[in-house]
Amino acid sequence: MKNMKNKPLTRRTFVKKTSIGAAGVTLASTGLASVYLDIIQDVEKPAILGGSPVRQKGSALGGSWPVYEDSDVQMYLDAYKSKKWSEYSNSDKELSVRFEKEFAELMGVSYCATTNSGTDALDAAQRAFDIGPGDEVITQTNTFIATAQTTFNLFALPVFVDSDPETFMINADLIEERITPNTRAILPVHIGGAAADMDKILAIAKKHNLVVIEDACQAHMGEWRNKKLGAIGDLGCFSFQEGKSLCGGEGGAVIGNDDNIMAKVDAYTNNGRDPRGQRRSFPGSNFRITPFVAATLLGQIRRLEVQSAQRDENSLYLEKLLSEIKGVRPTKKYSGQTRRSFYEYQLIYEKEYFNDLPKTKFVEAMRAEGIPFGRGIDSSLHLDPFIETYLNLRGFQKVFSKERLDKYRRENLCPVNERIDKETGLSLGQKVFLGTMRDMEDIVTAIIKIQKYSSNEVFSDHSYK
Ligand SMILES: Cc1ncc(COP(=O)(O)O)c(C=O)c1O
């Protein structure tokens, strides 16, 4: 391996004891230290080069998703049979209100307002702070488009800040230089389910009198200093779309502690009805969830902690295994993160340990092994064509000066995130961590295979199909 700084696993590896050696003794039962044997030479050819895959076809890695039992179906049917198919009165009997109470309690906050998507949660949260035309919101480029779209939709500017190359979170050290007199909020995203650097973000917000809206759409059950992500800033926004670790099909929520602000959020979701008196005294729209979504969420939330604990356990095991090899490592976490959550678990690919094999080829080779690596989460939003479309809308041209928009374009640079996208970012979906310890071992086994053969001329010519 010509560019290897530090040859991994040339001696002592676990491979023989895991799926490749098929000796029937797994790392889980043996313990790591005793099983590193000098057997990397036994590693079979990668599937992409004609070998047999680590995971045979039909043996998908991880758990199946979403998970439900007969009792979930019954809850859904009961909602259906109740003939109460819309809920808008904030009565304790309503399924949506029951879910809001449960979720607020789990998150350790006073209030939760459900919405019909994470996108609408972000919308309602920004509206509650009267963020609107001419305002600016500091956010990040590596997130789902909704984070920025919802700000743009208010004729306000989302200002993209580059990522931290080690954590892939918003680089909090770059926030202050992007603050202008029009900045109203910081909207960090706990992308993938790991925590943004909330200590720094809260301190900057305090210093500049800004509000903090956490995009926790991917971060159910994560914690910062033992408080739930989403409950750290002024408001937190969640998505319950199918892929999320708490899912209702579609759906979302805003959580918070401030009575007045949360009344505004709730009212916005319910055509302006003040939840404290039902008078239509606030701006509003209809972001209400159906009782069917609420019933699904009430079913799903029952297993959230158990699933989260299983993901914790598997990810810790994977991290332990990865610490023994070079070239693929988990992103770093900030010290305030006391628990991570799971949507896409992010990892860093270092091609120098793979004979400069490009990330895309590595991912392709891993997928051929049956390991569903993603190329990282979401794109570099700052490069997306929708930005120019918004900036050229009549409303934007009216509200912002040409100088401001030109400056926005000039400063819209996130080179670190572009490198993450192209070269270093890898991801594994949350359902992978609902699998077994053996699944975790297979991930590392496949990495070792690719690594060993990365000097193969077929790989280096990039001419394999
Ligand atoms: C970070 C982030 N923000 C916002 C959203 C929007 O959520 P929804 O799809 O429920 O509208 C998502 C959904 O994927 C997301 O991942």
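**Exercise 1.** Which exposed residues are carried by the face of α14 turned away from its buried side?

*Solution.* The model under study is predicted.
Step 1. Begin with the buried side: in helix α14, which spans residues 415-424, the buried residues are Asn417, Ile420 and Thr424.
Step 2. These residues lie on the same side of α14, because the arc they cover around the axis is only 100°.
Step 3. Turn to the face directed away from that buried side: Pro415 and Lys422 are the exposed residues there.

**Exercise 2.** Determine what the buried residues of α14 pack against.

*Solution.* 
Step 1. Recall the residues concerned, namely Asn417, Ile420 and Thr424.

**Exercise 3.** Locate Tyr68, decide whether Tyr68 is buried or exposed, and identify the nonpolar surface patch to which Tyr68 contributes.

*Solution.* 
Step 1. The loop between α1 (27-30) and α2 (70-81) contains Tyr68.
Step 2. The relative accessible area of Tyr68 is 58%. Exposed means over 50%, so Tyr68 is exposed.
Step 3. Together with Val73 and Leu77, Tyr68 makes a nonpolar surface patch of about 290 Å².

**Exercise 4.** Describe the protein as a whole by its elements, burial, contacts and surface.

*Solution.* 
Step 1. There are 16 helices and 13 strands in the protein.
Step 2. Of its 465 residues, 56% are buried.
Step 3. Among contacts with a separation of 6 or more, 72% join residues 24 or more positions apart.
Step 4. The protein exposes about 19700 Å², and 49% of this area is supplied by carbon and sulfur atoms.

How values were computed: Residues numbered from 1 in each chain as written. Predicted model: local features only at pLDDT ≥ 70, side-chain atom pairs only at ≥ 80, totals over all residues. Heavy atoms only, no water. Buried < 20%, exposed > 50% of the residue type's maximum accessible area, 1.4 Å probe, protein only. Helix = DSSP H or I, 4+ residues; strand = E, 2+ residues; numbered from the N terminus. Arc of directions from axis to C-beta. Contact = heavy atoms within 4.5 Å. Patch = residues over 30% accessible without salt bridge, like charges linked within 9 Å, V, L, I, M, F, W, Y side chains within 5 Å. Areas by Shrake-Rupley, 256 points an atom, 1.4 Å probe, with all protein chains shown as cover. Salt bridge = Lys/Arg side-chain N within 4 Å of Asp/Glu carboxyl O.
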